[in-house]
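Here's a quick briefing to read alongside the model. Have the viewer open and follow along topic by topic.

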Amino acid sequence: MPTMADVARSAGVSVATVSHVLNDTRPVLPHTRQAVLDAVEELGYTPNTLARSLVTSRTRSIGLAVSAISNPYFTEILQGVEAAALEQGYGLLIADPHDDPGHEREVVRLLHERRVDGMIVAPSADPSALLAFLGRHRVPAVFLDRVVNAPDGDGAPRFDQVCAEGAEPTAQLVTHLAGLGHRRIGLVAGRPGLSTTRERITGYRRGLAAAGVPHDERLLVHGDSEAAGGERVTAALLSLAVPPTALVTANNAMTIGALRALRDRGLSVPGDLALCCFDDFPWADLFSPRLTAVAQPSRELGARAVEMLLERLAAPDRPARTVRLPCAFVHRTSCGCPEQPEQAPVMVHERTLP
């Protein structure tokens, strides 16, 4: 197996220069750097990452803690994280916290013990133990998809965060359904405590108010962000004395559950109930009817999380920030409209909050 000394001899430089090129610890002239990289390629040299980490105190690895990795939304986020990390020469260690605060704390501890340079975490509904651990150990971290407010309530985040817009896209779904004449519009919301759930409920209420539609609390139910929960609460909505005529589901798993509940009762979409969903997914346009949805920029969210984490590693003391990326309203036929082309994004530009 070739060594660093072999690379140095082949490139005509010192071992120290090879080390500086591979570890990026000191500027090296471009032609010298290229000679070293050519020698690495020619000899098939593989750096000893363990030895390099002892010198640089960096492992060039990122810990990713995201629940429901089987969910297509998070799978696409993972793809965005992986591609961006690989492009920057970083590897990934992945763990699933299962949206459980205790398990979340444990997997983050394990990732930290493996000396990842930083972490990207989709926090649970109760991230207090997570926040305490990351703060106590001064772990560079970016919160992904879900945001966490400062414990003192001043609105300033303690950690960098990146997520999609939640309230306005949900409001657009509601006002769209109201514009089609619906006055009883239900919401299948996600797990209580998650920022995504709070924001989509805010958007739902905002959309009702904007359309002049009275808000009936019985039409707002929680499906706990899972297909089984979405099926259960949709069935409950359909059992009301005056059921909804339209429904907004707050993630793709609950959309599947809602469709099952409708199928089991022999009801059609949009004939018996109009349906719009938050989260587009690859086969949404294969349903009959095709699903009208809010599409989140999932891969971009993953890539932006990596970008923000590397910026944090380069500048540990800069103020934390929250970045919100725009969604797109994908107008199909489950809402009761004829076939339409895809519409422009709900938000044209991303927002960055200090």
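A residue counts as buried here when its relative accessible area is under 20%, and as exposed when that area is over 50%. With that cut-off, Phe-143 and Phe-159 are both buried. Keep in mind that this is a predicted model.

**The aromatic pair**

- Searching the whole structure turns up two aromatic pairs.
- In the pair formed by Phe-143 and Phe-159, the ring centres sit 5.2 Å apart and the planes meet at 45 degrees, so this one is tilted.
- Phe-143 belongs to strand S4 (residues 141-144), while Phe-159 is in the loop between S4 and strand S5 (160-164), so the pair ties together parts that are 16 residues apart in sequence.

**The nonpolar cores**

- The largest nonpolar core contains 67 residues.
- Those with the most contacts inside that core are Ile-120, Leu-144, Val-162, Leu-177, Ile-185, Tyr-204 and Leu-301.
- Take Val-162: leaving out residues up to four places away in sequence, its contacts include Phe-143, Leu-144, Leu-301, Met-308 and Val-323.

**Helix H3**

- H3 covers residues 30-43, which makes 14 residues, and spans 20 Å from first C-alpha to last, close to the 20 Å expected at 1.5 Å a residue.
- Its buried residues are Thr-32, Val-36, Ala-39 and Val-40. Looking down the helix axis, these buried residues fall within an arc of 100 degrees, so they line one face of H3.
- Helix H1 (4-11) and helix H2 (15-23) are included in what covers the buried residues of H3.
- The other side of H3 has Pro-30, His-31, Glu-41 and Glu-42, which are exposed.
- Just past the end of H3, Gly-44 adopts a positive phi of about 70 degrees.

**Thr-249**

- You'll find Thr-249 in strand S8 (residues 246-249).
- Thr-249 counts as buried because its relative accessibility is 0%, against a cut-off of under 20%.
- What does the side chain of Thr-249 make a polar contact with? The partner is the side chain of Thr-255, at 2.6 Å.
- Setting aside neighbours within four places in sequence, Thr-249 is in contact with Val-188, Met-254, Thr-255, Ala-258, Leu-275, Cys-276, Cys-277 and Phe-278.

How values were computed. Residues numbered from 1 in each chain as written. Predicted model: local features only at pLDDT ≥ 70, side-chain atom pairs only at ≥ 80, totals over all residues. Heavy atoms only, no water. Helix = DSSP H or I, 4+ residues; strand = E, 2+ residues; numbered from the N terminus. Expected span 1.5 Å × (residues − 1). Buried < 20%, exposed > 50% of the residue type's maximum accessible area, 1.4 Å probe, protein only. Arc of directions from axis to C-beta. Contact = heavy atoms within 4.5 Å. Core = buried A, V, L, I, M, F, W, Y, C linked by side-chain atoms within 4.5 Å. Polar contact = N/O pair within 3.5 Å; in protein donor to acceptor, adjacent residues only side chain to side chain. Phe/Tyr/Trp six-rings, centres within 6.5 Å; stacked < 30°, edge-to-face > 60°.
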